[in-house]
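Thanks for making the time this morning.

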Amino acid sequence: MERKKVYLLFSGGLDSIIAAKLLKNLGFDVVGVHITSPFFEKDLEKLQDLANKLGIELKVVEAGDDYLEMLKSPVYGYGKNLNPCIDCKAYMLKKVKEVAGENGIIATGEVLGQRPMSQHLQAFNSIEKLSGLKGRVLRPLSGKLLPETDYEKEGVINREKLLDIRGRSRKKYPEILKKLGVNIEELPTPAGGCLLTEPSFSKKVKDLLEHGELSWENVRLLKIGRHFRLGNCKLIVGRNREENKRLEEFSRGGDIVIKVPNVPSPTAILRCKEEPSVELLKKAAGIVARYSDAKSEKEVKVALYKNGKLFKELTVEPLFDTKEFSVTG
Ligand code: SF4
């Protein structure tokens, strides 16, 4: 008889490891579906290594522009920061459904009561409703405590074999892992949290949202440098040699690259929606000068480049009071 496949939303965290192993031990072939995005990135090599060690298949799916659309106005709102956990989970499950097909068995490593926003019964219901998977999300770690899924009703899985973990405590985990034959010490840990739960990163994303600039490229840029908002322009100032290099690589036609010549200086990108005024350019140049080695000079000559060519030189005073322009406040 053909072994049944379960498509498990797989983050690589402890709960998804337990879910994978439990389902495997119950005789299913497990396909771990990992959703990745610049907001939540894991080391994919380690993740593959982990999947190999668990004996499961791994499929990686990149979040698309539809994730950004969802982030603009999540049906169930945001958590403490810009984390739209219920909508995010529903998004991920929709992606798992795309991999699994209409009748595939879908599972997650969610635990009842583990997270305040997305892991309580009502949230589970909302996630299922939003993803179009009512009754079709198996949560084996808390299965005994949850309403019967279609899979149990159809006899695909025996409810008695599911676990009854509840809450944030991980006291029971060592015993569960032992029973499942998992030695956690031997497994790679593909670390990486969710940046949408971090206050300062969330502020930067919010700034993009408010200015209609939310794109994956701009989200990737948020991970580099100091970010300033100057009217319709965004100024990003590198904090070290590596960031300076990456900013140069990110710069594209229309961007203005700013540097202080002849002294150690950050590289900065000024990206504008409309032609910036000289006043604005001076402010940007002043901020760049403030982070250069010429910051103690009264006047600093700053070079501005477009498409790799010098197009303007401005002599400015280093601008120290940047709080009102800083995106993170
Ligand atoms: S913490 Fe981040 S990745 Fe996890 S559900 Fe919330 S928004 Fe999604």
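Predicted model: local features only at pLDDT ≥ 70, side-chain atom pairs only at ≥ 80, totals over all residues.

**Pockets and ligand**

Let me begin with the second largest pocket, whose lining residues divide into six nonpolar, one polar and six charged; here Ala, Val, Leu, Ile, Met, Phe, Trp, Tyr, Cys and Pro count as nonpolar, Asp, Glu, Lys and Arg as charged, and the others, Gly among them, as polar. Residues are numbered from 1 along each chain as its sequence is written, and side-chain values use heavy atoms, with hydrogens and water left out.

A pocket, on a 1 Å grid over the protein atoms alone, is an open set of points where a 1.4 Å probe fits, with protein on both sides within 12 Å along at least five of seven lines, and its lining residues have an atom within 4 Å of a point. The second largest pocket holds about 240 Å³ of space, a volume being the space filled by probe spheres set on the points, which are joined across faces, edges and corners. Among its 13 lining residues, Leu163, Asp164, Glu175, Ile176 and Lys179 lie nearest the centre. Helix H7 (173–180) contributes the most to this lining, with four residues; helices are DSSP runs of H or I with at least four residues, strands are E runs of at least two, and both are numbered from the N terminus.

The largest pocket has a volume of about 760 Å³, and of the 31 residues that line it, Ser11, Lys42, Lys89, Met92 and Arg115 are the closest to its centre. Helix H1 (14–25), strand S2 (29–36) and helix H4 (85–100) each give two or more residues to that lining, with H4 giving the largest share, four residues.

What takes up the space of the largest pocket? The ligand does, in the sense that more than half of its atoms lie within 2 Å of the grid points. Around the ligand, with a heavy atom within 4 Å, are residues including Phe40, Cys88, Met92 and Thr197, and the whole shell has six nonpolar, two polar and no charged residues.

Finally, the protein chain has eleven helices and ten strands, and its C-alpha atoms fill a box of roughly 75 × 40 × 35 Å along the principal axes.
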